[in-house]
Amino acid sequence: MNVLVLAGGLSYERDVSLRSGRRVTDALLGAGVEAEMRDADVSLLPSLSADPPEAVFIAMHGAEGEDGSLRGVLELCDVPYVGADARASRLAWDKPSAKAVLREAGISTPDWVALPHDRFSELGAIAVLDRIVRRLGLPLMVKPAQGGSGLGATVVKDASELPAAMVGCFAYDQTALIERYAEGVDIAVSILDTGDGPVTLPPVEIVPSNGIYDYAARYTAGLTTWHSPARLSPSVTSDVLKVALAAHEALGLRDLSRVDLIVTPDGDCTVLEVNVSPGLTETSLLPMAIQAAGLDLGEVLAQIVRRAAVRV
Amino acid sequence: MTGGTTLDDYTDRYAHRVSGMTASEIRALFAVANRPEVVSLAGGMPYISALPLDTVGSMIGELVASQGASALQYGLGQGMPELRERICELMADVGIDVGMGASPDDVVVTVGGQQALDLVARLFLDPGDVVLAEGPTYVGALGVFQAAQAQVVHVPMDEDGLIPAALSDALLEQQRLGKRVKFLYTIPTYQNPAGVTLTDSRREQVLDICERAGLLVIEDDPYGRLSFDGEAPLPLRARRREGVFYLSTFSKTFAPGLRVGWILAPHAVRDKLVMTTEANILCPSNFAQSVITAYLSTMPWREQLKAYQQIYAERRDAMLSALADLMPDGMSWTHPKGGLFVWATLPDGLDAKDMVPRAIAGRVAYVPGNGFYADGTGRQNMRLNFSYPTPERIREGVRRLAGVIEQEAAMRAVFNGEL
């Protein structure tokens, strides 16, 4: 079979995407799957028409890879692809919408407020921020409503830091998600469905050396220690996996996803976000989890791709 | 993996100077700048398409056919004698001639201007030494000096270049602090990134100050031949036989892909430079040197230089007129008479580094100013390149940038409680 790996794009995460794409392509080739990587640009659709692949693997992060739009275009072209469909992808990509769905499904997620920058200019930023702090308390996490890789995200410990954090966030997106900061252990749970329903992989615990899992900590080998499986008790591990699976299902995802959550000091799990196009770089969490499960990345990706290829 | 993994087994073994090397979100954002949808004013690339590439290709083919056995062989650490002679002819054009003590024996060919800087750093800098440099200065020089664990102290500039009084003050201050200042690193002509040029009178003042203080001057002159409005002032080295090392390159006048530059240094230092370069790279590429020698000998390179000057002058004009027409109040910028760059200053309260993602979303790229300072200042500034994009793209890029700046200013005003 032949697979087209889409990577690059115009999002802020182009560089990460290119690294993911190369890793996916190499892993698929290693597993005996004919795979070719290319950017999503004006030559994509003519190429899909002229030489349709049996499946597309979307290794694109950021809006193009995750907001559902590219997936919608692939559906228009009748080209099967790996991962959540356009509708579910759009839902998971927009963090406030996803959080609402999760909460509706009884899954814990930090309290939040999501506001576009227009509301701040119309109503007066200082007054609105004051209300937000009063409602959510401190510390807070400010991040773009749509985005990834920790870009534009800031932990705010003091209210005086909030305006600068908002400006930083609005450089990346029109809408900001401000949520109560969840203190605890950072955990990522990857979920795979190779044909027998979604299953969770061993949870990965993230311990950034400077305490913050920002862009540098994510993509500089050596700045973060990852424990896989996470150093959690069996009962907490069980809870974590259940919550992650519930989040994947509540959002209607398929094939693969990654659920980022916090285990609080009391052992409770609260979901931060769910990724429909998880990173696949050398320092990404899904490949780590696959390795911890004793699986081979190429074989796993090949199974998922084959499954996608026969999807109608 | 019970003890966890950092995915880097060498974490505990790196040299201290490597500790600051981390993934940068700004660098990642620039990954998008290569896409044609983005107007990149961020690069520093010459417009190589202006070269007669077919003719250059034929020249290289003939070179390999006729001199391949030597051109593809190892060479001398100091560089090819024929090229060093041609380099001296080039320097004589700008007053650095035999009368000023310039001899092919004292030229060391390097792998671009960058290796010339690296050699100077290896030769002169111990950890903790101070280097004085214009603020802002060339980011590649900062990287070299920082790798040598030297401290860079910036000396401010204005539209006339380095401010002599500020240089005197900086020297006094470093003396007061008991610091050992090793040299002044300066790009006096069409400076990168500021685009300004040190005036004739200031050149003499700066040289006098350095002479009195016994301070070595490292003159970096990659852009001196890219003049648009008359000739550039004579280089510092054309004014003093002693105390000035002259660094230049073929990267801006011919082709950066060949990676050939040079240093003109005093005789005694020359030998140490050669030994250092031999330990470092063995020898510069014989092939690249042969290509440049052939180019200078057989092709109308002076005409080509004029072509570059005309193209860049047109693009400089396009950028300056677009800035004047489109930029919001409170924005200012330099007016370069040569080189590749304009240095722009944002309205008060704006931060060029923080604004990068908004610019990328607006499909325009620039280099935020903080990268050109060792101390992280310069966040209100940005470097804009005009050599590579066409005049039409430059105007479109400036139009987009103006919109980005207006959005950012509006956003800042909202969160500063001004609205």
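How many residues of chain A are in contact with how many residues of chain B? In this predicted model, 36 residues of chain A are in contact with 28 residues of chain B. The legends below start from that interface and then turn to each chain.

**View 1. The side of chain A that touches chain B.** Elements of chain A giving two or more residues to this side are helix 1, helix 7 (117-123), helix 8 (125-136), helix 9 (162-170), helix 10 (215-219) and strand 11 (224-227). Helix 9 of chain A provides the largest share, five residues. Sorted by class, the side of chain A that touches chain B has 22 nonpolar, eleven polar and three charged residues.

**View 2. Domain 1 and domain 3 of chain A.** Chain A is divided into domain 1 (2-90), domain 2 (112-180) and domain 3 (183-294). The centres of domain 1 and domain 3 of chain A, taken over C-alpha atoms, are separated by 23 Å. Contacts between the two involve 16 residues of domain 1 of chain A and 14 residues of domain 3 of chain A. On the domain 1 side, the elements that give two or more residues are helix 1 (14-30), helix 3 (63-66) and helix 5 (86-93) of chain A. Helix 1 of chain A makes the largest contribution to that side, with five residues. The class count for the side of domain 1 of chain A that touches domain 3 of chain A is eight nonpolar, five polar and three charged residues. Helix 1 of chain A is also listed among the elements that give two or more residues to the side touching chain B.

**View 3. Strands 8, 10 and 11 of chain A.** Strand 8 (residues 185-192) and strand 10 (residues 204-208) of chain A run antiparallel and are joined by three bridges. Strand 10 of chain A is also joined to strand 11 of chain A, by four bridges, and these two strands run antiparallel. Glu205(A) of strand 10 can be followed across the pairings: Ile187(A) stands opposite Glu205(A), and in strand 11 of chain A the bridge partner of Glu205(A) is His227(A). Strand 11 of chain A is one of the elements that give two or more residues to the side touching chain B.

**View 4. The open sheet of chain B.** Eight strands of chain B form an open sheet with mixed pairing, in the order 2-9-8-7-6-3-4-5. Its edge strands are strand 2 (107-110) and strand 5 (161-162) of chain B, each of which pairs on one side only. Strand 8 (residues 244-249) and strand 9 (residues 261-264) of chain B run antiparallel, with four bridges between them. Leu247(B) has Ile263(B), in strand 9 of chain B, as its bridge partner. Helix 8 (residues 267-281) of chain B lies across strand 2 and strand 9 of chain B, and runs at about 20° to strand 2 of chain B.

**View 5. Helix 4 packed with helix 8 in chain B.** Helix 4 (residues 112-124) and helix 8 of chain B pack at an angle of about 110°, and their axes are 10 Å apart. The two helices of chain B, helix 4 and helix 8, are therefore roughly perpendicular to each other. Their crossing is right-handed. Helix 4 of chain B makes the contact through Gln115(B), Leu119(B), Arg122(B) and Leu123(B), and helix 8 of chain B through Lys272(B), Leu273(B), Thr276(B), Thr277(B) and Ile281(B). By class, this contact of helix 4 with helix 8 of chain B has four nonpolar, three polar and two charged residues.

Technical notes: Residues are numbered from 1 along each chain as its sequence is written. Chains are lettered from A and ligands numbered from 1 in the order in which they are written. This is a predicted model: local features need pLDDT of at least 70, side-chain atom pairs count only at pLDDT 80 or more; totals for chains, interfaces and linings use all residues. Two strands pair if DSSP finds at least two bridges between them. Two residues are in contact if their C-beta atoms, placed from the backbone, lie within 7 Å. Axes are lines fitted to C-alpha atoms, for helices over the stretch in contact, and angles run from 0 to 180 degrees between N-to-C directions. Domain bounds come from an automatic or database domain assignment. Ala, Val, Leu, Ile, Met, Phe, Trp, Tyr, Cys and Pro count as nonpolar, Asp, Glu, Lys and Arg as charged, and the others, Gly among them, as polar. Angles under 35 degrees count as roughly parallel, over 145 as roughly antiparallel, 65 to 115 as roughly perpendicular and the rest as oblique. A crossing is left-handed if the near helix is turned anticlockwise from the far one by less than a right angle, and right-handed if clockwise.
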